[in-house]
Amino acid sequence: IENLQLVNDFEETKGELASKRAVLKLLNAGARPEELDRARRNIDTKETELVNAARVEEVEKLLQERVAKKEAELRNAKETYERSQKLYDGELISRNDLDRDSTLYEVRTKELSESQRELQVLKENTDRTLQIKRKELEASQSELNLLKAGTRKESIEAGAADVKRLEEKLSILGRQLDAPSSSIPSISAGL
């Protein structure tokens with residue numbers, strides 16, 4: 001029974017050692033060229049996304065021009081309404097003419113408000129998008145830097161220590177299996 005346990009421990013340790021050697025080999029190899037290429041392409045993509053997000057400035061400029069136009073239209077509508085009010089007070093124009101100018105003034109006020117709101121929403125979305133894209137780019141650059149730096153020396157040393165420990169354990173188990181069964185101390189003898 002003890003011999004069977006030793007054989008099981010030996011085989012289990014052998015498998016664990018093979019696994020740890022494979023891990024150590026990966027740690028020593030570092031990043032594959034394909035991983036570095038993928039990280040570089042990811043950075044290129046994030047840079048492009050950032051540039052595209054910044055292009056919204058053209059749309060913002062158009063909205064600013066629309067706001068300026070709506071402000072001018074509103075000033076004109078206000079002046080027309082005020083003039084019509086004076087003419088109506090002097091009974092020189094009809095109530096319909098005054099109402100028409102009043103309605104136009106209200107419409108221009110609402111149009112300006114809508115244009116200003118559109119511009120504000122665009123600015124907020126653009127700022128938020130740019131912040132996100134900058135952070136994504138920084139994360140991608142950080143990932144590439146980690147891949148370039150390779151595996152930490154401490155990780156390689158820990159992997160090597162695991163391999164060495166398992167090799168020693170395997171050696172001890174091998175000697176115990178090779179020894180005559182009478183020389184193997186029994187568990188009960190140790191108690």
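A crossing of two helices is called left-handed if the near helix is turned anticlockwise from the far one by less than a right angle. Keep that in mind for the close-ups below, which come from a predicted model.

**View 1. Helix 2 passes helix 4 in a left-handed crossing.**
The axes of helix 2 and helix 4 sit 9 Å apart, and the packing angle is about 165°. Angles over 145 degrees count as roughly antiparallel, so helix 2 and helix 4 are roughly antiparallel to each other. For anyone new to such pictures, two packed helices are described by the angle between their axes and the distance between the axes.

**View 2. Helix 2 has a buried side and a face turned away from it.**
Start with the length: helix 2 covers residues 33-54, and its 22 residues should span 32 Å at 1.5 Å a residue. Now for the residues that are tucked in: Leu36, Ala39, Ile43, Lys46, Leu50 and Ala53 of helix 2 are buried. Because they cover an arc of only 110° around the axis, they fall on the same side of helix 2. What do these buried residues pack against? Their partners are helix 3 (56-89) and helix 4 (95-149). Over on the face turned away from the buried side, look for Pro33 and Arg41, which are exposed.

**View 3. Here helix 3 packs with helix 4.**
The angle in this pair is about 160°, and the two axes are 8 Å apart. With over 145 degrees counting as roughly antiparallel, helix 3 and helix 4 are therefore roughly antiparallel to each other. As for handedness, helix 3 passes helix 4 in a left-handed crossing.

**View 4. Glu60 is a buried residue of helix 3.**
Is Glu60 buried or exposed? Its relative accessible area is 17%, and since buried means under 20%, Glu60 counts as buried. Setting aside residues up to four places away in sequence, Glu60 touches Leu119, Leu122 and Lys123. One of these pairs spans quite some sequence: Glu60 and Leu122 are 62 residues apart along the chain, while their C-alpha atoms are 7.1 Å apart in space.

Lys70 has a relative accessibility of 16%, so it counts as buried. Which residues does Lys70 touch, leaving out those up to four places away in sequence? Look for Glu111, Leu112 and Ser115.

**View 5. Ser84 belongs to helix 3.**
At 6% relative accessibility, Ser84 is counted as buried. Ser84 is in contact with Ile93, Leu98 and Asp101, once its neighbours within four places in sequence are left aside.

**View 6. Glu91 sits in the loop between helix 3 and helix 4.**
What is the phi of Glu91? Glu91 has a positive phi of about 60°, although it is not a glycine. Exposed means over 50% relative accessible area, so Glu91, at 72%, is exposed.

Technical notes
Residues are numbered from 1 along each chain as its sequence is written. This is a predicted model: local features need pLDDT of at least 70, side-chain atom pairs count only at pLDDT 80 or more; totals for chains, interfaces and linings use all residues. Side-chain values use heavy atoms; hydrogens and water are left out. Helices (H or I, at least four residues) and strands (E, at least two) are DSSP runs, numbered from the N terminus. The expected span of a helix is 1.5 Å times one less than its number of residues. Buried means under 20% relative accessible area, exposed over 50%, partly exposed in between (1.4 Å probe, protein chains only). The arc is that of the directions from the helix axis to the C-beta atoms. Contact means heavy atoms within 4.5 Å. Axes are lines fitted to C-alpha atoms, for helices over the stretch in contact, and angles run from 0 to 180 degrees between N-to-C directions. Angles under 35 degrees count as roughly parallel, over 145 as roughly antiparallel, 65 to 115 as roughly perpendicular and the rest as oblique.
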